[in-house]
Amino acid sequence: MEELHSKIRHLIKFIQQFGFFGEVHMVEFFTQDHWGNLLGTDTQQQLMSQTTSELRQMLSQKPGKPITISDPCTDNTKLHNLQDFLYRASEANLKSLNVLSTIQDVIDLNPGAYNETRPAVTDLSSLITTEAYMNKKKSHEIQQMAPMMNILSSITNCKSVLDVGSGKGYLSSYLSLCYNLNVIGIDIAESNSEGALLRAEKFKLYWTKLLKNKVPTVSESLKDLNLNFEPVTARIDSSTEIKDFSSSDNESYILSGLHTCGDLCSSVISLFVKEPKILGVCVVGCCYHLLTESKEAKEEHEAEEEGFPTSKFVRENGIFLGRNNRMVSLQASERRAVEESTDEPTSSEWSLFYRALLSVILLDQFEINPSDKNIRIGKIFIKSKGFVDYVRRGLRKLKLDNEKVSDEKIQEYFDLYKSKLKTLIAYHLLRQLYSPAVESLILLDKLCHLRELGEDSKNDIYKSFLVQIFEAVESPRCYALVSVKRSAVL
C-alpha cells in the first residue's frame, strides 16, 4: 500500500502545482485571458515559436528531463517552465506510474478454473462479432468487456451476472449468448429496459441465421444458443440490496458496469463490498464531471453517495478537484496523440474557438457573464455554416435578441480574434497533457479504497486491480477496476 500511496501523493503534488489548468473553463479563454494570466512570458514565446503541427507533437513525444526544475512553492498560478511541465505531465499518468495490472494477473487468482470459452458454445464467442450490429466504439467495448466477465465468472465459479447501467442490453445479451451466463441487466431508464430484451432477441435471431449452414462446425452449438437475460428498471445507490433483484438464497453473482456514469461507479463498488452474494466486480467509470465530491456533498446535502474521494488516504490529504478539473479529466489525449499532425485547426478546435468567442460577444453585447452555469447552447457547431450562423443559433438557443448585433459586427469579432486561434490551440494542448493526472487520481482513489477494505479482516475483499481493458484510441475511458472476494477463490 505504501507504494500506491506514494504514487497518489505524486499525482496530488502535480495537480496542486498545475491545477490552474483544470480550475478554469475554455469558454472563458478570451474573456478571462487564460493565455496572459496562466502562462508566463517565456512559455508563451516557446509555444508561439513552434508551428501548430509541432505543438501537436507534444501529445505523443516523451520529453527529456529538464535541466531546471520548477519549485512548486514559488508560483502555483502561472506556468513559467514549459519543459518542466512537459516532463512532469509525462510522468503523471497510470502507465508511467506503473500501477496497472494485467488481465493475466486476474486469471492467476484461480488459474485452474479459467476456461476461455464455455463448452456449450465452443467457437461461438470468436464467431459472433458485433461490428455489424453496433457502432465501432461500442463493438470494441463489448468484445473486450465480455471476455473479462467470462474470466471473473470462471475464477469465482459464478454463472450469474448483474449488469449495472446495462442501457440497450448489448453487453448483457452478448454475455448470455456467447458465454451461457444468466444476466440481469439493471438500468435506471425504463425505455432502455423495455427495448433491451426485444433487441437481444433480434441479436440472437440475427446470428442464428447468419451462422446456420455457413459454419458447419458450430451448427450443433447453435442449438445451445440460449438467451438468459432479464432487463430490470432500477436505481443503484447506497440503499440497494441484492434481494431487490433476486429471490434465490443460493445464487451468487458477479457485477459488471460498462461506463458507469459519475457516482454510479462508487455505488457499484459499495454494492459489491456489502453483499456477500456478489463475488467479483469489473467496473469502468466515466463522466467524472458528474462525480459528487465530499465538499460539494456537504454544501448541497443532496448526494447519497460520494464519488470522490472514496479512500481514507485521499480524504486525509484533503484535495478538492472541483467540476472544471473533473471535466478536464475527460479529455481524449491518447486519441488526439495519434491524429495526423497538421497546421490546420481541427473541427474540435474550431468548435472551442467559436464557443470562446461567443462568450466575448455575450459579455460585450449582452452583459452576460460567460461563467453563468445557465448559459448552455448545446452542440450547435456541427450544424453551423460559419461563425455568423453559429452565433445566430446560439442567441436563439439562449432566447436573446438577434437584432441587437449585426452580421457585420459578428464577422468583425471573428476577424479580430482569428489571429489568436493558435494561442487557444496551444493552451488546449497543454490542458490535454494535464488531464491524465486527474483521471489517474480519481481511479487510484477507488483502487486504494478497495485495497484498504482488503486490509481489514472484517471484509471479504481479497485482491483488487486496475486494468486497461480497452484501447484508449477507441474508448478513452479504458480502465477497469476489478476485484474478487476471498470466499470465491480461496
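**Lining of the second largest pocket.** I sorted the lining residues of the second largest pocket by type: 15 are nonpolar, 14 polar and 7 charged. This is a predicted model. I then asked which residues lie nearest the centre of this pocket. They are Leu59, Asn93, Ser333, Leu433 and Pro436, out of 36 lining residues. Helices H5 (82-91), H6 (94-97), H16 (333-337) and H20 (421-455) each give two or more residues to the lining. Which element gives the most? H20 does, with 6 residues. I also looked up the space in the second largest pocket, and it comes to about 680 Å³.

**H5 against H20.** Next I took two of the helices that line the pocket, H5 and H20. Two packed helices are described by the angle between their axes and the distance between the axes. For H5 and H20 I noted an angle of about 35° and axes 9 Å apart. From H5, the contact uses Leu82, Phe85, Leu86 and Ala89. From H20, Leu430, Leu433 and Tyr434 take part. How do the contact residues divide by type? I found 7 nonpolar, no polar and no charged.

**Confidence.** Last, I checked the pLDDT. The protein averages 87, and 88% of the residues score at least 70. Helix H19 (residues 407-417) has the highest confidence, at 98. Helix H8 (residues 124-127) has the lowest, at a mean of 54. I marked residues 118-123 as well, where the pLDDT is below 50. That stretch still has 17 contacts in the model beyond near neighbours in sequence.

Conventions:
Residues are numbered from 1 along each chain as its sequence is written. This is a predicted model: local features need pLDDT of at least 70, side-chain atom pairs count only at pLDDT 80 or more; totals for chains, interfaces and linings use all residues. Side-chain values use heavy atoms; hydrogens and water are left out. On a 1 Å grid over the protein atoms alone, a cavity is a set of points where a 1.4 Å probe fits but cannot get out, and a pocket is an open set with protein on both sides within 12 Å along at least five of seven lines; lining residues have an atom within 4 Å of a point. Grid points are joined across faces, edges and corners, and a volume is the space filled by probe spheres set on the points. Helices (H or I, at least four residues) and strands (E, at least two) are DSSP runs, numbered from the N terminus. Ala, Val, Leu, Ile, Met, Phe, Trp, Tyr, Cys and Pro count as nonpolar, Asp, Glu, Lys and Arg as charged, and the others, Gly among them, as polar. Axes are lines fitted to C-alpha atoms, for helices over the stretch in contact, and angles run from 0 to 180 degrees between N-to-C directions. Contact means heavy atoms within 4.5 Å. pLDDT is the predictor's confidence in each residue, from 0 to 100.
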